[in-house]
Amino acid sequence: MIAHISTYIADFLSQPLYVVLTLTALILAFASFTLARRDTFSAGKRLLLLYVHLALLITPFALLSYSVGCSVPAYDCSAKSLIYSVPILLSGIVAVASVIGFAAGPKLYARALGAKRWNGTRAIRQTLHGHPRVTLHTIDTGKPQAFSHGNHIYLSIGMIETLTPKELEAVVLHELGHVTHRSSWLKAGRLVTRFVSPLAHFSDWNATLNAEEHYADRYAVSAQGTTKYIERARAKVSEF
C-alpha cells in the first residue's frame, strides 16, 4: 500500500504542470489566509478569504487525486477534463463545509446545549425590533453566559437572573452587534479552518477577537447612550 502511494506521489511530482499548480495554490493559500486576518476588511470579505484559503489548500490533494485517476486507462486525462473536474471537486468540498458550518452547525449546536426559544422581555423585544430574523434562546445553566451564532442569540438562565433589565439589554445589544457585523459567521469560518488548515493552529486571533468585542461594545453603547450598563454587566459576570 505504502509502495503504491509513494509511486503515485513520485509520478505526480514528475509532472511540471502539477508541481507549478501546487506551488501556486499553496502560495495563494498563504496569501489569502494572511489577508483574512486583517481587521481592515469586513467580516464578509474575511470569511470569503478563509474559504478561498481552504479551497486553495485542498487543490494539491485534488490534483493528486486527478493524477492517480490518470493511471486508469479508461479515465479521460485531457487538459479539458482537468479544467472541469478540479473546480467541481473544490466547489463540492467547500459546499459541504459551508453546510456543516453554517446550516447544520447552528441547529446541532443548539440541540447539544439544550437551548430553548425565548421571547424575551418587552424591553428586549423592542431592542430587537427591526431585526425579525434574530431569535433568542435560553440555556439552562446558572453560570452567566451570552453568545451568538448566525442569527441566534443565546442567554443562560444565570445571565437573565443575575443582571438588571438594562444590563441584560446591554448584553443583548452587544450580541446583536456581533450578529449585524457577522462576527459569529467569521468565528464559524475560523472553526472550520482550524480543522483543515495547519496555519490556523499557529496563528494568534486575539487581535481580531478583541476588535470584534470592541465593535460589539460600541454597538451597545451607541444604542443605550451610555457605557455604564455594559460595564456593570461585565463586572457582574467576571465575579463568577
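Colleague: Okay, are helix 7 and helix 10 roughly parallel or roughly perpendicular to each other?

Modeller: Keep in mind that this is a predicted model. Helix 7, residues 165–180, and helix 10, residues 228–238, pack at an angle of about 95°. Angles from 65 to 115 degrees count as roughly perpendicular, so helix 7 and helix 10 are roughly perpendicular to each other.

Colleague: And how far apart are the axes of helix 7 and helix 10?

Modeller: Their axes are 8 Å apart.

Colleague: Which residues make the contact?

Modeller: From helix 7 you have Lys166, Glu167, Ala170, Val171 and His174. Helix 10 brings in Tyr229, Ile230, Arg232, Ala233 and Lys236. By type, the contact residues split into 5 nonpolar, 1 polar and 4 charged.

Colleague: Is glutamate 167 buried or exposed?

Modeller: Buried, because its relative accessibility is 3%, and the cut-off for buried is under 20%. Lysine 236 counts as partly exposed, at 25%.

Colleague: How many salt bridges does the structure hold?

Modeller: There are 3. One of them pairs lysine 166 with glutamate 169, and the closest N and O atoms there are 2.9 Å apart.

Colleague: How do lysine 166 and glutamate 169 sit relative to each other in helix 7?

Modeller: They are 3 residues apart in helix 7, so about one helical turn separates them. Glutamate 169 is buried, with a relative accessible area of 14%, while lysine 166 is partly exposed at 37%.

Colleague: What about a salt bridge with aspartate 217?

Modeller: The side chain of aspartate 217 meets that of arginine 234 in a salt bridge, 2.7 Å from N to O. Aspartate 217 lies in helix 9, residues 206–224, and arginine 234 in helix 10, so the pair ties together parts that are 17 residues apart in sequence. Aspartate 217 is buried, with a relative accessible area of 16%. Arginine 234 is partly exposed, at 41%.

Colleague: What happens just after helix 7?

Modeller: Arginine 182 takes a positive phi there, of about 60°.

Colleague: Changing topic: what pattern does the protein follow along the sequence?

Modeller: The protein has 10 helices and 4 strands. Read along the sequence, they come as α-α-α-α-β-α-β-β-β-α-α-α-α-α. Of the 240 residues, 39% count as buried.

Colleague: What share of the contacts comes from residues 24 or more positions apart?

Modeller: Taking contacts with a separation of 6 or more, those residues account for 61%.

Colleague: Last one. Where is proline 132?

Modeller: Proline 132 sits in the loop between helix 5, residues 122–127, and strand 2, residues 135–139. At 76% relative accessibility, proline 132 counts as exposed. Proline 132 and asparagine 151 are 19 residues apart in sequence, and their C-alpha atoms are 9.7 Å apart in space.

Definitions and conventions
Residues numbered from 1 in each chain as written. Predicted model: local features only at pLDDT ≥ 70, side-chain atom pairs only at ≥ 80, totals over all residues. Heavy atoms only, no water. Axes fitted to C-alpha atoms, helices over the stretch in contact; angles between N-to-C directions. Helix = DSSP H or I, 4+ residues; strand = E, 2+ residues; numbered from the N terminus. Parallel < 35°, antiparallel > 145°, perpendicular 65-115°, else oblique. Contact = heavy atoms within 4.5 Å. Nonpolar A, V, L, I, M, F, W, Y, C, P; charged D, E, K, R; others polar. Salt bridge = Lys/Arg side-chain N within 4 Å of Asp/Glu carboxyl O. Buried < 20%, exposed > 50% of the residue type's maximum accessible area, 1.4 Å probe, protein only.
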